[in-house]
Amino acid sequence: MNASGPLQGADHVGTDVVCLGESMVTFRPSRPGRLADVPSFERGIGGAESNVACTLALAGHSARWVSRVGADGFGEHLISAIGACGVDVSSVERDPSRPTGIYFRTAGERATQVDGEASETAEVAYYRAGSAASAMAPGNIDPDSLADGGILHVSGITAALSADCLALMRELTAPRPGRPLVSFDVNYRVHLWDDPAQAGPVLLDLARGSDLVFVGEDEAEAAWGITGGPAAIRAALTEPHTLVVKQGADGATVFSGTDATYEPSLKVDVVASVGAGDAFAAGFLSATLRGLDDSARLRHGHLMAAAALLVPGDLGAPPARAEADRLAALPAEAWETLRLGPDTIKNEHWAGEVVTT
């Protein structure tokens with residue numbers, strides 16, 4: 001096992017979570033339709049790891065984002081917007097010779113690939129090749145920016161960006177004395193890999209070197225050919241102490257050592273699905289930092305995912321901690337009948353805005 005158990009927040013002094021990875025400026029259509037037909041776009045930010053950092057900071061934790069951006073206006077916007085969420089952006093390097101990545105998208109979140117066929121849930125046009133972040137490498141990331149984090153959160157997206165990025169990911173997930181708890185979200189994105197056949201072995205290797213792993217059932221099938229549900233995924237991935245298997249709208253299962261715990265998802269009137277997986281990871285990590293049990297960790301993940309599902313962009317305002325704790329402590333029957341809609345987040349504390357079916 002790579003860790004003896006969940007990190008207890010009281011045991012760590014320093015930054016709670018350090019998140020490393022590429023963030024991009026996103027452009028969302030101002031109206032429904034194909035990218036070819038939309039006349040204008042709204043600017044936002046997007047990046048799996050920076051989404052986690054922003055959500056954790058909004059939830060009251062200390063978070064740092066480590067990355068590289070271009071010395072351009074888009075890079076300045078990313079640093080400003082992510083910093084405005086309360087994230088420490090002092091370790092973000094500006095690259096004068098490479099641009100900041102951008103992308104345009106419609107609704108939806110990601111594409112995986114099963115049986116050789118891509119499953120597209122969004123129309124996305126990426127302009128990230130040769131970006132500043134794709135030049136991240138073991139030699140140009142300041143190790144001090146990672147050293148004081150209780151948790152280091154990374155994802156498989158970074159491994160797909162370049163050979164240098166993959167080398168960095170291998171270094172960060174390699175066993176070494178005194179390393180932080182390494183949290184790894186598989187985040188399989190078929191379109192990012194030059195050779196999708198290489199993705200599976202690489203992602204499995206990185207997951208096996210991590211302490212806490214997030215993976216969706218669909219990702220496990222697409223990247224590793226694993227079917228049979230959470231137990232089959234755990235049988236193939238025994239090395240991480242903690243494995244979280246996301247089961248879509250059904251819920252999620254966490255394996256902590258040999259123990260397994262399942263919690264169903266909340267019923268949500270979805271506005272947009274982008275960013276929900278990142279928010280789930282942030283909720284789970286938040287509860288991990290607080291030393292909560294496995295059931296509570298899953299429920300806090302579901303609550304933060306719901307916040308993301310209720311807004312059109314990547315980031316939703318999480319419920320206040322007291323309100324999140326109240327909802328996470330509901331009896332099973334009350335939790336399973338809880339339904340959240342867009343009106344839920346009109347009140348910043350979510351209080352009084354929850355309806356049940």
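Strand 13 is largely enclosed by the rest of the structure, because 5 of its 5 residues are buried (under 20% relative accessible area with a 1.4 Å probe on protein chains only, where exposed is over 50% and partly exposed lies in between). The model is predicted, so local features need pLDDT of at least 70 and side-chain atom pairs count only at pLDDT 80 or more, while totals for chains, interfaces and linings use all residues. Residues are numbered from 1 along each chain as its sequence is written, and side-chain values use heavy atoms, with hydrogens and water left out.

The chain contains 12 helices and 19 strands, taken as DSSP runs numbered from the N terminus (helices H or I of at least four residues, strands E of at least two). Of the 357 residues in the chain, 58% are buried. Contacts (heavy atoms within 4.5 Å) between residues at least 6 apart in sequence join residues at least 24 apart in 71% of cases.

An open sheet is formed by 8 strands in the order 4-1-11-12-13-14-15-16, with mixed pairing; two strands pair if DSSP finds at least two bridges between them. Strand 4 (63–66) and strand 16 (259–264) are at the edges with a single partner strand each, so one side of each has no neighbour in the sheet. From one strand to the next, the twist averages 15 degrees.

Within this sheet, strand 13 (residues 212–216) runs parallel to strand 14 (residues 242–246), and 5 bridges join them. G216 has K246 of strand 14 as its bridge partner. Strand 12 (residues 181–185) also pairs with strand 13 in the parallel sense, over 3 bridges, and the bridge partner of S183 is L212 in strand 13. The chain passes from strand 12 through helix 6 (residues 196–208) to strand 13 in a right-handed β-α-β crossover, meaning that the path from the first strand over the helix to the second runs clockwise when the strands point away from the viewer.

In a regular strand the side chains alternate between the two faces of the sheet. Both faces of strand 13 are covered, with L212, F214 and G216 buried on one side and V213 and V215 buried on the other. Helix 7 (residues 217–224) lies across strand 13 and strand 14 and runs at about 85 degrees to strand 13; axes are lines fitted to C-alpha atoms, for helices over the stretch in contact, and angles run from 0 to 180 degrees between N-to-C directions.

N187 is placed in the loop between strand 12 and helix 6. Although not a glycine, N187 has a positive phi of about 45 degrees. Its relative accessibility is 5%, so N187 counts as buried.

The count comes to 5 cavities of 30 Å³ or more, a cavity being a set of points on a 1 Å grid over the protein atoms alone where a 1.4 Å probe fits but cannot get out. The second largest cavity holds about 90 Å³ of space, the volume being that filled by probe spheres set on the points, which are joined across faces, edges and corners. Its lining residues (an atom within 4 Å of a point) are A59, S286, R290, H300, L303, M304, P319, R321 and A324. Helix 10 (294–309) and helix 11 (321–328) are the elements that give two or more residues to this lining, and helix 10 gives the most, with 3 residues.

How values were computed:
1 Å grid on protein atoms, 1.4 Å probe; cavity = no way out; pocket = protein on both sides within 12 Å on 5 of 7 lines; lining within 4 Å.
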